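Please examine the sequence and the model below before reading on. The paragraphs that follow lead through selected helices and their surroundings.

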Amino acid sequence: MNTLGMKLLEHDLHVHGDQAGSGRVMVMDEDDILGCISMMLRQEEHYVCHDYLGDQVATSLHHNNGDAIDETCRSKMCEWIFHVIDSTRLQRETASVAMTFLDRFLCSHSERATQARIDRKEYQLAGESSCA
């Protein structure tokens with residue numbers, strides 16, 4: 001598996017050797033660039049967003065699970081994240097980015113994301129982690 005980061009690191013080591021931070025510009029040839037773009041497009045297929053809150057309503061009704069997250073949970077999480085960001089005097093954009101991270105995670109098909117969608121404690125942990 002050759003990711004973009006690995007490709008760039010390999011290229012950086014090839015161009016710069018062990019001189020990290022040498023100020024030299026990294027240059028990739030056309031084949032490397034096209035390969036990286038192609039790989040990113042393939043990876044993007046796995047990150048398709050879906051309405052995880054709408055899906056949760058159907059899932060929680062099916063499982064009779066009162067612990068599944070809903071719109072109220074997301075709203076409260078958003079308020080909490082903005083409160084934390086404001087109280088630490090960080091830029092408010094940080095809260096928006098944290099919510100984007102949380103939403104993207106919850107849209108994924110990973111086992112942890114599925115658990116966070118059906119367990120409010122896991123959801124809270126995911127929300128806290130998105131701020132880190």
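In this predicted model, the buried residues of helix α4 are Cys73, Met77, Ile81 and Ile85. These four residues lie on the same side of α4, because they cover an arc of only 100° around the axis.

Glu71 and Gly54 are 17 residues apart in sequence, and their C-alpha atoms are 9.0 Å apart in space.

The length of α4 can also be checked. This helix comprises 17 residues, 71-87, and at 1.5 Å a residue it should span 24 Å; the C-alpha atoms at its ends are 24 Å apart, which agrees.

Attention now turns to α5 and its contact with α6. Helix α5 comprises residues 92-107 and helix α6 residues 111-118; they pack at an angle of about 105°, and their axes are 7 Å apart. The two helices are therefore roughly perpendicular, since angles of 65 to 115 degrees are classed in this way. From α5, Phe105, Leu106 and Cys107 meet Arg112, Ala113, Ala116 and Arg117 of α6. By class, this contact of α5 with α6 has five nonpolar residues, two charged residues and no polar ones.

Technical notes
Residues are numbered from 1 along each chain as its sequence is written. This is a predicted model: local features need pLDDT of at least 70, side-chain atom pairs count only at pLDDT 80 or more; totals for chains, interfaces and linings use all residues. Side-chain values use heavy atoms; hydrogens and water are left out. Axes are lines fitted to C-alpha atoms, for helices over the stretch in contact, and angles run from 0 to 180 degrees between N-to-C directions. Angles under 35 degrees count as roughly parallel, over 145 as roughly antiparallel, 65 to 115 as roughly perpendicular and the rest as oblique. Contact means heavy atoms within 4.5 Å. Ala, Val, Leu, Ile, Met, Phe, Trp, Tyr, Cys and Pro count as nonpolar, Asp, Glu, Lys and Arg as charged, and the others, Gly among them, as polar. The expected span of a helix is 1.5 Å times one less than its number of residues. Buried means under 20% relative accessible area, exposed over 50%, partly exposed in between (1.4 Å probe, protein chains only). The arc is that of the directions from the helix axis to the C-beta atoms.
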